[in-house]
Amino acid sequence: MNPEDVRTVGVVGAGLMGHSIAQEFAVSGRQVFLNDVSEERLTDARERIRQNLEMLGRSQEVDEVESRMTFTGDLRTAVENADLVVEAIVENLEVKQAMFRELESICREDTILASNTSTYLPSQIAEATRNPERVVVMHYFNPPHVVPLVEVVGGRDTSPETVETVRDLVVSQGKKPVMLKKEALGFIANRLQAALLRECFALVEDGVAQPEDIDTVVRSGLGRRLGVAGPFEVFDAAGADVWHAICEQLMTDIESSTEVPPAIARMVERGDYGVKTGRGVYEWTPQSTTALRRRIAHAVEEIGRWNDGE
């Protein structure tokens with residue numbers, strides 16, 4: 001299957017990631033069916049897609065994009081004629097496996113079944129299917145409509161054709177695919193993010209700094225460089241000799257626990273999930289949440305222009 005053969009896409013899950021992934025396919029000219037068990041989430045998804053396009057300065061395209069989208073609470077309607085299905089539901093392996101089992105019973109035999117999981121191996125998800133060769137991970141990043149990176153991960157039984165089709169499809173969306181040479185839990189980006197977060201929470205727990213200070217360090221220091229140069233480029237710019245000396249001092253002192261950071265566990269126990277509940281590390285209002293999302297989106301767009309000009 002070639003990218004141009006993917007004309008109809010079903011997206012299962014209309015939440016934070018799903019609505020934006022659906023938007024990206026509709027913007028690229030494909031017919032999209034966005035499915036969710038919650039009518040409220042479908043209604044919210046329609047409004048957020050409109051807001052996303054307006055924020056990107058594409059308000060004149062709202063009606064055209066919406067004309068290519070169908071919002072439905074019926075899974076069969078959403079996926080039975082799809083060339084590609086992207087699952088974007090709750091991050092729970094058993095739930096995802098059950099969904100893929102159901103998708104396989106509805107979809108055509110040549111339909112590519114992709115997961116937007118940020119954690120699980122495609123092989124784990126494919127265990128629930130009879131045809132694992134068509135199961136692949138398409139890991140978009142939040143927010144998908146402005147962040148260009150998509151990690152494409154094939155499982156041990158995923159066919160090369162499936163991986164190549166998904167890679168080319170991502171390119172056709174104007175995004176930047178990264179192909180993993182082999183599957184690994186968390187892939188690349190979330191392994192890096194988890195390592196950074198583990199140290200951030202350790203610094204707070206040890207009384208070294210407040211969350212605001214750590215965010216300032218990343219925003220005003222590390223983030224400025226990492227937005228335009230990758231860690232290996234930064235490494236080479238400083239020199240292996242410099243980093244050797246730094247590592248000699250730090251490696252034995254950096255947090256290396258294999259447990260979930262206690263602060264995260266406490267937040268989950270309290271039900272403080274961040275912006276979705278109004279409280280996480282910080283307190284959040286609808287206004288501050290919108291401001292954060294706009295700030296991230298505008299900055300990612302601007303950084304993209306810098307990198308496009310390299």
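Cysteine 200 counts as buried, because its relative accessibility is 16%; buried means under 20% relative accessible area, exposed means over 50%, and partly exposed lies in between, with a 1.4 Å probe and protein chains only. The closest cysteine sulfur to that of cysteine 200 belongs to cysteine 247 and is 17 Å away, too far for a bond. A search of the whole structure finds 0 disulfides, a disulfide being a pair of cysteine sulfur atoms within 2.5 Å. Cysteine 107 is also a buried residue, at 8% relative accessibility.

The structure is a predicted model, in which local features need pLDDT of at least 70 and side-chain atom pairs count only at pLDDT 80 or more, while totals for chains, interfaces and linings use all residues. Residues are numbered from 1 along each chain as its sequence is written, and side-chain values use heavy atoms, with hydrogens and water left out.

How far apart in space are glutamine 60 and cysteine 107? Their C-alpha atoms are separated by 34 Å, and the two residues are 47 residues apart in sequence. Glutamine 60 is found in the loop between helix 2 and helix 3 (62–67); helices (H or I, at least four residues) and strands (E, at least two) are DSSP runs, numbered from the N terminus. With 59% relative accessibility, glutamine 60 counts as exposed. Another pair is formed by threonine 72 and valine 12, which are 60 residues apart in sequence and 9.8 Å apart in space, C-alpha to C-alpha. Threonine 72 lies in strand 3 (residues 69–72) and counts as buried at 10% relative accessibility.

The charged side chains come next. A search of the whole structure finds 19 salt bridges, where a salt bridge is a side-chain nitrogen of Lys or Arg within 4 Å of a carboxyl oxygen of Asp or Glu. In one of them, aspartate 36 pairs with arginine 41, and the closest N and O atoms are 3.0 Å apart. Is aspartate 36 buried or exposed? Aspartate 36 counts as buried, because its relative accessibility is 7%, whereas arginine 41 is partly exposed at 39%. Glutamate 91 and lysine 96 also meet through their side chains in a salt bridge, at 3.4 Å from N to O.

Arginine 279 is partly exposed, at 41% relative accessible area, and glutamate 283 is exposed, at 56%. Both residues belong to a network of salt bridges that links Arg270, Asp272, Arg279 and Glu283.

Surface patches are described separately from these pairs. Patches are made of residues with over 30% relative accessible area and no salt bridge; like charges are joined within 9 Å, and nonpolar side chains (Val, Leu, Ile, Met, Phe, Trp, Tyr) within 5 Å. Lys and Arg count as positive and Asp and Glu as negative, while His and the chain ends are not counted. The place of a charge is taken as NZ of Lys, CZ of Arg, CG of Asp or CD of Glu. Glu40, Asp44, Glu47 and Glu54 form a negative surface patch. Glutamate 54 is found in helix 2 (residues 39–55) and is partly exposed, with 44% relative accessibility.

A nonpolar patch on the surface is formed by Phe235, Val242, Trp243, Ile246, Leu250, Met251 and Ile254, which together have about 560 Å² of accessible area; accessible areas come from the Shrake-Rupley method with a 1.4 Å probe, and for residues only the protein chains shown count as cover. Helix 11 (residues 240–250) provides the largest share of this patch, 4 residues. Leucine 250 lies in helix 11 and counts as partly exposed at 41% relative accessibility.

Asparagine 142 and proline 143 are joined by a cis peptide bond, with omega about -5 degrees. Proline 143 lies in the loop between strand 6 (135–140) and strand 7 (149–154). In the loop between strand 8 (176–179) and helix 8 (189–205) stands phenylalanine 187. Phi of phenylalanine 187 is near 60 degrees, a positive value in a residue other than glycine. Phenylalanine 187 is buried, because its relative accessible area is 2%.
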